[in-house]
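Please keep the sequence and the model in view while reading.

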Amino acid sequence: MIAGGHGNQNPNEDWTMSKGFYMFYMLVVAVFHLILLSIPFISTPMAWTLTNITHNLAHLYFLHIIKGAPWQSIDSHEHIRETHWEQLDSGVHWTLQRKTLISIPIILFLLTCMYTRNDEIHFIANFISLIVCIIPKMPSFHHRRLFGINKY
Amino acid sequence: MLQAESSPYIFSVLYDIIFQAPTYVIFLELSLLLLVIWIIIHKQSNGGKHLTQKQKEEIIKNWVSEPLVAEIDENHPALQNNHIVDGPIGKFITVDGIKCLNMATHNYLGLEEYPKIKENAINCIHKYGVGSCGPRGFYGTVDVHLELEERLAKFMDQEEAVVYSYAFSTVASAIPAYCKRTDIIFADECINFAIQKGIDASRSKVVYFKHNDMRDLEKKLQEQAKADQKNPKKAAKTRRFLIVEGIYMNTGEMCPLRELVELRAKYKLRLFLDETVSFGTIGKSGHGITELLCVDIKEVDLISASLENAVESIGGFCVGSHFIVEHQRLSGLGYCFSASQPPLLTQAAISALDIFEQEPRIFEQLNDVAEKVDEQFRYFTKLELKGHPLSPVKHLYLKHVDDLEESEKILRKIADECMKKGLAVVAAEYLPIEKFPPKRSLRITVNRLLTADDISNAYKIIEEVSKSIA
């Protein structure tokens, strides 16, 4: 696919803001959670923790690890070394979609805490996964590769 | 207590959850909740620029539009040397009403001897009109295009060919189709302007090596290899390209393809060969430099060539393996976004290829004439000949003048005088934005139909004029 024919040079910047995306997002998380809940030997707190950790790992992988765009850009891959998060809204911070994508993991974490009744082990696991997924979203980590992780 | 645990009221459950938790958990959760609220309220930063209405008006007031057409200097060379050419261009050319022997245009093979080409082109107009003005992928493809591609691939003994509608855009789109921002290109200093533009468009890192200097190239490759060893992760993601011309348009020299192929294997390079001049001129059957130097054509990753020089049509083409060529049909900008080659010109190219295949002796004749010109033109008193003996493009440099501007003026005068005396030659013109401004020269092109008399006659005219001017 070649990008830029009739619109954005890099459609990766804003397809997450397209109509129905967040409905789809919520549904995927909810269905995944319901499937976990329906497995007999997984308790309710366990299901919530698993949902939360999987969700955060998915964020980490799709937003902060894989780079470039599935679209072939005609101006020879400006974004070849940028993660999806860095490409959002041409790198402008605190836009609506960035705010949304930061808020979702936090709210999910708070919900998980409530459903696990603040159990210590669950809390620690969930909190670590939250930190891992929130820190790379901070503006000061834009284009920064800690310890050269995922540099090329 | 018992009541609270099994309480049906959600609030008492929540109350339990919150007040049974350790304090630090509650603290963290509260601060996260506050963070969410802060994020939602936080305003998108505007780069700290908030202009008042007054400031805005001032900026608008102070803005001056640039003129659509910039003023042109009266001494601009384009306004000075205007020559008008009448009639068809062949062995002879009519410049400003004077019939001149043609050593200026790039029709090396003198295909005007074959009226069949013209006839076929005219028949093609009757059949297809003058072209659809559509790109190849969008109603622009006519069966002759496919035929030409097939014929070119067969002629060059490669898997596939892709035809562009303009020679300049051939190589200028083929390069950025492969080379991207993270790649490295090794290129000769004297590459022609189209390749330079292609390299610019690719945005890759470019390393220029000295003209035809294999030692310099190897040194630069070794430097790169060392840098790669230090950072193998990065090196694994960078591709290295080598871009050379078969015969350099700007110098008339031939590239040492055998050494280049060896370096390609040693340093894992991808080799692009531009045969703008060498296609249809050298080699036993006109296949270009790979045939002349007996290099396996599979060793070259991509060959691009022009249909405007030896073939005397308009357009260009790339040949290579199926995968390499097919990539250009979606990524070659000149292929995707410009109108297809007019069918009559495609037909002319096919007819020229017919002649190439049926009468390979024309290449031998051209090489003979080129060698003869080379022998004779070595003896100018004021001018120095450079270029490979077999090359149909040769350059005459001033022996005693090194300054670019001055030599350009003198050479233009020489060219003008020669045209008045019945010999068309040109002072090679370059744009000021060339990467390495080439030394100015008088560009000689060799036509297959030149006789020994013509050559000595041309020699006399140039010698006489250059002696009186330089």
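UniProt positions are given here in the numbering used for this structure, feature names are shortened, and annotations may be inferred rather than shown by experiment. With that understood, the unreviewed UniProt entry places the feature "transmembrane region" at residues 20–42, 100–117 and 123–141 of chain A. The model itself is predicted.

Two of these annotated spans may be followed in the coordinates. For residues 123–141 of chain A, the distance between the end C-alpha atoms is 25 Å, with 63% helix and 0% strand.

The fold of chain A can be described next. Chain A contains five helices and two strands, and from the N terminus on these elements follow the order β-α-α-β-α-α-α. The C-alpha trace of chain A spans about 50 × 35 × 25 Å along its principal axes. Of the 152 residues in chain A, 42% count as buried. Among the contacts in chain A with a separation of 6 or more, 66% are accounted for by residues 24 or more positions apart.

Attention now turns to the partner chain. In the model, 29 residues of chain A are in contact with 33 residues of chain B. The area buried between chain A and chain B is about 2900 Å², and carbon and sulfur atoms give 66% of that area. Between the two chains there are zero salt bridges, while two residue pairs are in polar contact, both at pLDDT 80 or more. The elements that give two or more residues to the side of chain A that touches chain B are α4 (96–115) and α5 (120–134) of chain A. Of these, α4(A) gives the most, with nine residues. By residue type, the side of chain A that touches chain B divides into 16 nonpolar, seven polar and six charged residues.

Two residues of chain A deserve a separate look for their backbone geometry. D89(A), found in the loop between α3 (84–87) and α4 of chain A, has a positive phi of about 50 degrees although it is not a glycine. H143(A), likewise not a glycine, has a positive phi of about 65 degrees. H143(A) lies in the segment after α5 of chain A. Because its relative accessibility is 46%, H143(A) counts as partly exposed, a class that lies between the buried limit of 20% and the exposed limit of 50%.

Key:
Residues numbered from 1 in each chain as written. Chains lettered and ligands numbered in written order. Predicted model: local features only at pLDDT ≥ 70, side-chain atom pairs only at ≥ 80, totals over all residues. Heavy atoms only, no water. Contact = heavy atoms within 4.5 Å. Buried area = accessible area lost by both parts, 1.4 Å probe. Salt bridge = Lys/Arg side-chain N within 4 Å of Asp/Glu carboxyl O. Polar contact = N/O pair within 3.5 Å; in protein donor to acceptor, adjacent residues only side chain to side chain. Helix = DSSP H or I, 4+ residues; strand = E, 2+ residues; numbered from the N terminus. Nonpolar A, V, L, I, M, F, W, Y, C, P; charged D, E, K, R; others polar. Buried < 20%, exposed > 50% of the residue type's maximum accessible area, 1.4 Å probe, protein only.
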